[in-house]
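Open the model in your viewer and keep the selection panel at hand. The stops below go from one side chain to its surroundings.

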Amino acid sequence: PTSGFAKRKSFLYAGDHASPSVIPEAFDTLPPKLPLSTPGLSPVTTASMPDATAVVYNDFPRTPTTSPAFIMNYCQMTPRGPHAARVTVDAHQCHSLAQRGMCQCGEAVYVGF
């Protein structure tokens with residue numbers, strides 16, 4: 001028996017679970033569904049995730065939809081002076097800002113099992 005969490009190849013953008021995949025190839029080796037008895041499973045509600053979060057597993061169409069594995073993108077503006085604070089910007093803008101040397105981008109991977 002399985003847990004109801006199936007591997008998704010979707011890109012979460014304002015609640016849309018059907019957009020193209022941005023999940024890294026490293027996740028290709030994971031099973032298509034998680035076992036029912038997955039110790040320590042800690043899913044997060046997808047509605048609470050920021051835009052540009054890639055959902056690896058979820059239990060869609062269950063409501064609320066949750067995910068025990070996802071990738072959150074982040075982008076921080078490069079400080080313009082020694083006392084300037086870092087400013088977090090929309091992750092969708094990161095690529096164009098990074099090309100101009102205006103930000104530092106990265107990913108935070110959550111695997112809750």
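Does arginine 62 count as buried or exposed? Select arginine 62 in this predicted model: the residue counts as exposed because its relative accessibility is 53%, and the cut-off for exposed is over 50%.

Arginine 62 and aspartate 59 form a salt bridge, with 3.8 Å between the closest N and O atoms. A search of the whole structure finds 1 salt bridge. Aspartate 59 has 6% relative accessibility and so counts as buried, the limit being under 20%.

Now select phenylalanine 60 and proline 61. The peptide bond that joins them is cis, with omega at about 15°. Proline 61 sits in the loop between strand 4 and strand 5 (66–67). Move on to threonine 63 and proline 64, where another cis peptide bond is found; its omega is about -5°. Proline 64 is also placed in the loop between strand 4 and strand 5. For context, most peptide bonds are trans.

Then show the strands. Select residues 53–58, which make up strand 4, and residues 69–77, which make up strand 6. These two strands pair antiparallel over 4 bridges. Within this pairing, look for tyrosine 57, which stands opposite alanine 69 of strand 6.

Last, select residues 103–111, that is, strand 8.

Methods
Residues numbered from 1 in each chain as written. Predicted model: local features only at pLDDT ≥ 70, side-chain atom pairs only at ≥ 80, totals over all residues. Heavy atoms only, no water. Salt bridge = Lys/Arg side-chain N within 4 Å of Asp/Glu carboxyl O. Buried < 20%, exposed > 50% of the residue type's maximum accessible area, 1.4 Å probe, protein only. Pairing = 2+ DSSP bridges.
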